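Work through the exercises below with the sequence and the model at hand. Each task is followed by a solution in steps.

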Amino acid sequence: MKRRTASFLIAAALSAVSLQPAFAAGEAGPYDEQADARADINNAVARASREGKQVLVVYGANWCKDCLALSKGFGQGHLATEVDRRFVTVKVNVGRFDKNVDVANQMGVTLKKGIPTVAVLGGDGQVLGTTKGGELADARNMGEDAVLHVLGTMGKS
C-alpha cells in the first residue's frame, strides 16, 4: 500500500512539473496576453517596410509547448539568424482559441489544425502566405531545417 501511494505521489508530482510553463513564475511568456495584436502587427509592418523585410506573424499561446519551443528556436542558433535576417517577427496570443481569432481569420490563418501557426506579410501589409495544415504544430520535435523549410515555402517575393 505504501509503495502504491508513493508511486502515485511521484507520478502526480511529475505530471505537475510537466504542466508548468517554460518560464519562471511572474515572468511573462513569449505570447503577451495583454498586447494589442493589430497595433503590434501594424508596427511590425512599418518597421519591415523601412528595413526591406517581411513580417512573420506567429499565432500561439503560453500554455502550448510547441509554441514555446518555436519561440525558443527563434531566439537562438541558425534559425534565429535566418528569421532575423528575413523577418520582423510578431507573436500573437490566441489564448485558448478565444483571443485574436478574428485577426487570424482576416489573414486566412487556420488555427483549427494546431498552433503555432504563422502568416507572412509583405512590407505593405499584404498576406503573402500562411501555414494551412498544422505544419508547425509539432515544433518541439522539428529541427531548425524543418522550420526553415516551412518558412521558405511562404512569402517568396
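A salt bridge is a side-chain nitrogen of Lys or Arg within 4 Å of a carboxyl oxygen of Asp or Glu. The model is predicted, so local features need pLDDT of at least 70 and side-chain atom pairs count only at pLDDT 80 or more, while totals for chains, interfaces and linings use all residues. Residues are numbered from 1 along each chain as its sequence is written, and side-chain values use heavy atoms, with hydrogens and water left out.

**Exercise 1. Chain layout**

Task: State how many helices and strands the chain has, and give their pattern along the sequence.

Solution. Step 1: take helices (H or I, at least four residues) and strands (E, at least two) as DSSP runs, numbered from the N terminus. Step 2: the chain then has six helices and four strands. Step 3: along the sequence they follow the pattern α-α-β-α-α-β-α-β-β-α. Of the 157 residues in the chain, 39% are buried.

**Exercise 2. Salt bridges**

Task: Find how many salt bridges the rule gives, and describe the pairs of Lys-53, Arg-140 and Arg-85.

Solution. Step 1: the count is five.

Step 1: Lys-53 and Glu-51 form a salt bridge through their side chains, at 3.5 Å from N to O. Lys-53 is buried, with a relative accessibility of 19%, whereas Glu-51 is partly exposed at 38%. Both residues belong to a salt-bridge network that also includes Arg-47.

Step 2: the side chains of Arg-140 and Asp-66 meet at 3.0 Å, N to O. Arg-140 is in the loop between strand 4 (127-130) and helix 6 (144-152), and Asp-66 is in helix 3 (residues 65-73), so this pair ties together parts that are 74 residues apart in sequence. Arg-140 is partly exposed at 47%; Asp-66 is buried at 7%.

Step 3: Arg-85 and Glu-82 are bridged at 2.8 Å, N to O. They are separated by about one helical turn because they are three residues apart in helix 4 (residues 77-86). Arg-85 is exposed at 56%, and Glu-82 is partly exposed at 22%.

**Exercise 3. A charged patch**

Task: Which residues form the negative surface patch, and where is Asp-32 placed?

Solution. Step 1: patches are made of residues with over 30% relative accessible area and no salt bridge; like charges are joined within 9 Å, and nonpolar side chains (Val, Leu, Ile, Met, Phe, Trp, Tyr) within 5 Å. Accessible areas come from the Shrake-Rupley method with a 1.4 Å probe, and for residues only the protein chains shown count as cover. Step 2: Lys and Arg count as positive, Asp and Glu as negative, and His and the chain ends are not counted. The place of a charge is NZ of Lys, CZ of Arg, CG of Asp or CD of Glu. Step 3: the patch consists of Asp-32, Glu-33, Asp-36 and Asp-40. Step 4: Asp-32 sits in the loop between helix 1 (2-18) and helix 2 (37-51) and is partly exposed at 43%.

**Exercise 4. Backbone features**

Task: Locate the cis peptide bond and describe the positive phi values of Phe-97 and Asn-100.

Solution. Step 1: the cis peptide bond joins Ile-115 and Pro-116, with omega about 5°. Pro-116 lies in the loop between helix 5 (101-106) and strand 3 (117-121). Step 2: Phe-97, not a glycine, has a phi of about 65°. Phe-97 is in the loop between strand 2 and helix 5 and is partly exposed at 37%. Step 3: Asn-100, also a residue other than glycine, has phi near 55°. Asn-100 is found in the loop between strand 2 and helix 5, partly exposed at 21%.

How values were computed: Buried means under 20% relative accessible area, exposed over 50%, partly exposed in between (1.4 Å probe, protein chains only).
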